[in-house]
Amino acid sequence: FFSLAKKPRNPNHRSIQKQDLEYFQSILSESEIITSDLSKYNVDWMSKYHGDSKLVLLPNSTQKISQILSYCNTNMLPVVPQSGNTGLVGGSVPHYDEIILSLQRLNKIIDYDTNNDIVTTESGVILENLNQYLSQFNTEAPYDLGAKGSCFVGGNIATHAGGKYLVKHGPLRGYVLGLEVVLANGQIMNLLNKSRKDNTGIDLKQIFIGSEGSLGIITKANLLCVKKAIEKNLLFIKTSSFQNILQIHNIAKSEIGKNLAAIEWMDSYAYKAVMENIKTAKDVFDSQNKIDQSYYVLIEINTNFNKDLVVEQFYNSLSQVEGLVSECVLAQNDHQFDELWKIRELVGSACGHIGKVFKYDISLNTAQMDDITKDLRQKCIDLGFTVGYGHIGDGNLHINISCLDKTKEQQLENQIEPYIFEWLSKKGGSISAEHGLGLMKADYLHLQKKPEVIDCMKNIKKIFDPNLILNPYKILPGI
Ligand code: FAD
Ligand code: 2HG
Ligand code: ZN
């Protein structure tokens, strides 16, 4: 089960040949085909997964995607859909020499319904660009993540991305009102829809949300947008134990209620990783890069009125518990707001500066988050630098373990996997809270899902993609 090792190649799949290229040249323009200098498409954001594709196609219409897939399906040519390539589980790069189908030219925003706040967009639009467009309507996408400058809306839907505002808005699934998807055989499935409510039988679009490119290519989406918050307040609190974080979370839920937009935590290892590796990060607590028993929590409060009252009331409640808050910073302006958020959003990148990172994004009871982090840290103390952080409001922990010795990456991986997934399997939770399965976790699915469930998933895969050309080796075991 080593994710760094290769899986056996599907013997039914072919590699591209001259006649294949000639076909693609007959339906696409020169700028929609890349055959040289493919390195950035063949490697993932972490430089952990490497493919050997010889061909990237960048079609600019659904129709062309349909023609490409129809041809690939008939000719047993495997395909990897790629959007912003910010995925963290090896799903967006080939395992062997699969054709890379890049969505980057499918980047037009189609229209905006001002009465119902629904945007219709092609899937290759960068999240940040979508938000820039939406700001004229005083709305934004119902989710946000650190990769916003690179990730695409289609990639976000394909991975069912979470991010920091899930506490406020709930999962993305509820906001995707419609989709257009191209199936493996080239058929265009028009599931576009601009109604919030539609109870006409099986909601087929849901099956593509979070399917990580294994069932079809998402080409368009209708997305319900949310009004921008009028007042955004951000508190960054330093405290002396993880138990205190749990208590602060409880107080936040009861005192801030629906004005609680986000709540995120990190341990002192994560804080140190950012301060030591991100030049622009400001040490607001003057921690001097010490590793100690300190923990940090960011709380964003969004209000439409009574801003000062809500923040003050919350802070007063915290102050009433002795020793709960060691230090607290309240963002004074937009610049500080962004600076403080960056400390949290850059933990993952900071860990990448230390060495090859093994990333785990798991769901579990919040009370166990620090224990499992410490347990893993202990388990690989000689080889790895381990940090714990994440979306505590969603019960989603991120553990990043950076390898300290380049020659021992495989040894480190063996030390932590499958240990962490088996631990979760016993205690309950999820081996993927938000990043998905990709290549990394496909073979661990049995620890999460019963055999009959995996069988059902495989049967669904075979209905949509009988030749298994879409994103092979990923998501499902043995496929
Ligand atoms: P890609 O990485 O290109 O693709 C991801 C998967 O979807 C692949 O399996 C690919 O084959 C498939 N796919 C892509 N586009 C399509 C399509 N149009 N149709 C069908 N399949 C497709 N994730 C979170 O959930 N929450 C976070 O807070 C978060 N923060 C991040 C911060 C950073 C700095 C980074 C680097 C990543 C973060 N991620 C997070 C992970 C990643 O950004 C998300 O998974 C994101 O949704 C991927 O979008 P993408 O456009 O980069 O897709
Ligand atoms: C986050 O919450 C992302 O910052 C990325 O999901 C986590 O890099 C990671 O492991
Ligand atoms: Zn996350």
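The following legends describe close-up views of a predicted model.

**View 1. Domain organisation of the chain.** The chain is divided into three parts: domain 1 covers residues 109–227, domain 2 covers 231–347, and domain 3 covers 355–435. The centres of domain 2 and domain 3, taken over C-alpha atoms, are separated by 23 Å.

**View 2. The contact between domain 2 and domain 3.** Here, 14 residues of domain 2 are in contact with 13 residues of domain 3. On the side of domain 2 that touches domain 3, at least two residues each are supplied by α8, β13 (260–267) and α9 (268–277). The largest share of this side, 6 residues, comes from β13. By class, the side of domain 2 that touches domain 3 has 11 nonpolar, 1 polar and 2 charged residues.

**View 3. The length of helix α10.** Helix α10 comprises 13 residues, 307–319. At 1.5 Å a residue, α10 should span 18 Å, and this agrees with its end C-alpha atoms, which are 18 Å apart.

View 4. V310, V311, F314 and L318 are the buried residues shown in α10. They lie on the same side of α10, because they cover an arc of only 90 degrees around the axis. In an α-helix there are 3.6 residues a turn, so residues three or four places apart point the same way. The face of α10 turned away from the buried side carries the exposed residues D308, L309, E312, N316 and S319.

View 5. The buried residues of α10 are covered by elements including the strands β12 (231–239) and β14 (295–303), together with helix α8 (242–256). Helix α8 also supplies at least two residues of the side of domain 2 that touches domain 3.

How values were computed
Residues numbered from 1 in each chain as written. Chains lettered and ligands numbered in written order. Predicted model: local features only at pLDDT ≥ 70, side-chain atom pairs only at ≥ 80, totals over all residues. Helix = DSSP H or I, 4+ residues; strand = E, 2+ residues; numbered from the N terminus. Expected span 1.5 Å × (residues − 1). Buried ≥ 20, exposed ≤ 12 C-beta atoms within 10 Å, placed from the backbone. Arc of directions from axis to C-beta. Contact = placed C-beta atoms within 7 Å. Domains from an automatic or database assignment. Nonpolar A, V, L, I, M, F, W, Y, C, P; charged D, E, K, R; others polar.
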